[in-house]
Amino acid sequence: MEHLEKKRDDAFEFVYTVPDWYDGPRRGVADYQGRPHLYESEWRDGEDMKADTFLLTPIDEEVFEVALEDWKIWRRWETAFHQGKTTQDTHPALPEDQERRRELDALLKERLVSDSSRTLRMRAEFRVRHDPEWSSYGFRPLEVRWEPAAP
């Protein structure tokens, strides 16, 4: 599956995954200049740091595909949870997806990592993205606009 080319006049780009959320997106995969990147918030609990600065690292197609598959498993669980079809006890995957989710998680922990030699520091503005395929359950789909962060 190729990433979605979502270049628009307003410079907002596609956010593919948001597996880490704390008062906003903290980590996941989003496009930067039309290519998938890992984004990681520099904000840390208890520190006086702006919540809108992120480190961006380009990712390869294989890692991108694994991240998307992992996110689809999460979204199936989230939809079922909000529909009352599963409980918090099964989090973060439905019983039939648990084994595959563990395999994907191990791959992502190893390969979806920042590379300081290729990392950019950027400010992010996230907003809700209209997505006709959204189930109407759980987190709304997002898009992001990136700007260089002050040093």
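Trp146 is buried, its relative accessible area being 10%, where buried means under 20% relative accessible area, exposed over 50% and partly exposed in between, with a 1.4 Å probe and protein chains only. The model is a predicted one, in which local features need pLDDT of at least 70 and side-chain atom pairs count only at pLDDT 80 or more, while totals for chains, interfaces and linings use all residues. Residues are numbered from 1 along each chain as its sequence is written, and side-chain values use heavy atoms, with hydrogens and water left out.

**Aromatic pairs**

The structure holds 12 aromatic pairs; rings of Phe, Tyr and Trp (its six-membered ring) pair if their centres lie within 6.5 Å, and planes under 30 degrees apart count as stacked, over 60 as edge-to-face and the rest as tilted. Two of these pairs share Phe126 and are set out below.

| Pair | Centre to centre | Angle between planes | Class |
|---|---|---|---|
| Phe54 and Phe126 | 5.5 Å | 70 degrees | edge-to-face |
| Phe126 and Trp146 | 6.1 Å | 80 degrees | edge-to-face |

Helices (H or I, at least four residues) and strands (E, at least two) are DSSP runs, numbered from the N terminus. Phe54 is buried at 1% relative accessible area, whereas Phe126 counts as partly exposed at 21%. Ring pairs link Tyr39, Phe54, Phe126 and Trp146 into a cluster.

**A charge over a ring**

The charged end of Arg127 sits over the ring of Phe12, 3.7 Å from the ring centre; this requires NZ of Lys or CZ of Arg within 6 Å of the ring centre and within 35 degrees of the ring normal.

**The cavity**

A search of the whole structure finds 1 cavity of 30 Å³ or more, a cavity being a set of points, on a 1 Å grid over the protein atoms alone, where a 1.4 Å probe fits but cannot get out. The largest cavity has a volume of about 50 Å³, and the residues lining the largest cavity are Glu62, Val63, Val66, Leu107, Leu108 and Arg111, lining residues having an atom within 4 Å of a point. Helix 1 (61-82) and helix 2 (98-111) are the elements that give two or more residues to this lining.

Definitions and conventions:
On a 1 Å grid over the protein atoms alone, a cavity is a set of points where a 1.4 Å probe fits but cannot get out, and a pocket is an open set with protein on both sides within 12 Å along at least five of seven lines; lining residues have an atom within 4 Å of a point. Grid points are joined across faces, edges and corners, and a volume is the space filled by probe spheres set on the points.
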